[in-house]
Amino acid sequence: ECTVFVEGCTDEAASNYDSSANVDNGTCEYVVAVAPCVLGTVYLTEAHGSGDPEDYIEIYNSGTEDCSLAGFLFDDSDYEEVGFDDWVIGDVVISAGSYMMFEEDAEGSFGSGISGGGENLYFGDGLGNVLMVTSLDGDLGSTNFTADGTACSAEPTPGAANAECTIFVEGCTDETASNYDSSANVDNGTCEYV
């Protein structure tokens, strides 16, 4: 027999679950037992677009109360053209003072990768409020963000407090060069050889 497609909410955890539906139409609603998060109190605190681990974002709850991310949105650079179309967060509770990591393509997570060369990332509360941050070149490590969106490169710390920002010192990093600079961590092409 032909399959009859019935659209509706197919998530059994939703308050409007429809047992006759076999195609989820994005209308699932959830009873939130925890107060909703406030954008700015929760914010993107880390993004990583290359290396190990691969693409992930980290959200931090700087508040003093647990809160729900239900209805929050995330997207990358194409937001400017089409609006949020990547990820609507379900009823995920983030504890006060904690960091929560989400990996690309993991169940219940975002799907658009984070460019290793850096890009704009958008985090919204579903009420029209949006915070935009810009990730840095992934070859420099992860990008850490402060609440106001200031970015710096650092060692990746997915799901934990951010590492100290890396201070880049340009110079010759080749130990065989006559002008090797042991304090340099970014080679600027000035190495000289005898």
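# Close-up views of a predicted model

**Figure 1. Cys172 and Cys191 form a disulfide, with their sulfur atoms 2.0 Å apart.** The torsion about the S-S bond of Cys172 and Cys191 is about 105°, so this disulfide is right-handed. The pair links distant parts of the chain, with Cys172 in the loop between strand S14 (170-171) and strand S15 (186-187) and Cys191 in the segment after S15, 19 residues apart. Cys172 counts as buried because its relative accessibility is 2%. A disulfide here is a pair of cysteine sulfur atoms within 2.5 Å. Strands (E, at least two residues) and helices (H or I, at least four) are DSSP runs numbered from the N terminus. For accessibility, buried means under 20% relative accessible area, exposed means over 50%, and partly exposed lies in between (1.4 Å probe, protein chains only). Please keep in mind that this is a predicted model, in which local features need pLDDT of at least 70 and side-chain atom pairs count only at pLDDT 80 or more, while totals for chains, interfaces and linings use all residues. Residues are numbered from 1 along each chain as its sequence is written, and side-chain values use heavy atoms, with hydrogens and water left out.

**Figure 2. Cys9 and Cys28 make a disulfide with sulfur atoms 2.1 Å apart.** The torsion about the S-S bond of Cys9 and Cys28 is about 105°, so this disulfide is right-handed. Cys9 lies in the loop between strand S1 (7-8) and S2, and Cys28 in the loop between S2 and S3, so the pair ties together parts that are 19 residues apart in sequence. Both Cys9 and Cys28 are buried.

**Figure 3. In the disulfide of Cys37 and Cys67, the sulfur atoms are 2.0 Å apart.** The torsion about the S-S bond of Cys37 and Cys67 is about 90°, so this disulfide is right-handed. Cys37 lies in the loop between S2 and S3 and Cys67 in strand S5, so the pair ties together parts that are 30 residues apart in sequence. Cys37 is buried, with a relative accessible area of 8%, and Cys67 counts as buried at 7%. To put the pair in context, a search of the whole structure finds four disulfides. Counting bonded cysteines along the chain, the pattern is 1-2, 3-4, 5-6, 7-8.

**Figure 4. The largest pocket has a volume of about 250 Å³.** By class, the lining has six nonpolar, four polar and three charged residues. A pocket is an open set of points on a 1 Å grid over the protein atoms alone, where a 1.4 Å probe fits and protein lies on both sides within 12 Å along at least five of seven lines; lining residues have an atom within 4 Å of a point. The volume is the space filled by probe spheres set on the points, which are joined across faces, edges and corners. Ala, Val, Leu, Ile, Met, Phe, Trp, Tyr, Cys and Pro count as nonpolar, Asp, Glu, Lys and Arg as charged, and the others, Gly among them, as polar.

**Figure 5. Ser68 lies in strand S5 (residues 67-68).** Is Ser68 buried or exposed? At 1% relative accessibility, Ser68 counts as buried. The side chains of Ser68 and Asp91 are joined by a polar contact of 2.6 Å, and a polar atom of the Ser68 side chain lies 3.1 Å from the backbone nitrogen of Ala70. A polar contact is a pair of N or O atoms within 3.5 Å; within protein, one must be able to donate a hydrogen and the other to accept it, and residues adjacent in sequence count only if both atoms are side-chain atoms.

**Figure 6. Glu46 sits in strand S3.** Glu46 is buried, with a relative accessible area of 0%. A polar contact of 2.3 Å joins its side chain to that of Tyr56, and a polar atom of the Glu46 side chain lies 2.9 Å from the backbone nitrogen of Thr157. Leaving out residues up to four places away in sequence, Glu46 touches residues including Ile57, Phe145, Pro156 and Asn162. Contact means heavy atoms within 4.5 Å.

**Figure 7. Leu136 is found in the loop between strand S11 (130-134) and strand S12 (142-145).** Leu136 is partly exposed, with a relative accessible area of 30%. Beyond its neighbours within four places in sequence, Leu136 is in contact with Gly116, Gly117, Gly118, Thr143, Ala151, Cys152 and Ser153. The C-alpha atoms of Leu136 and Ala151 are separated by 7.6 Å, and the two residues are 15 apart along the chain.
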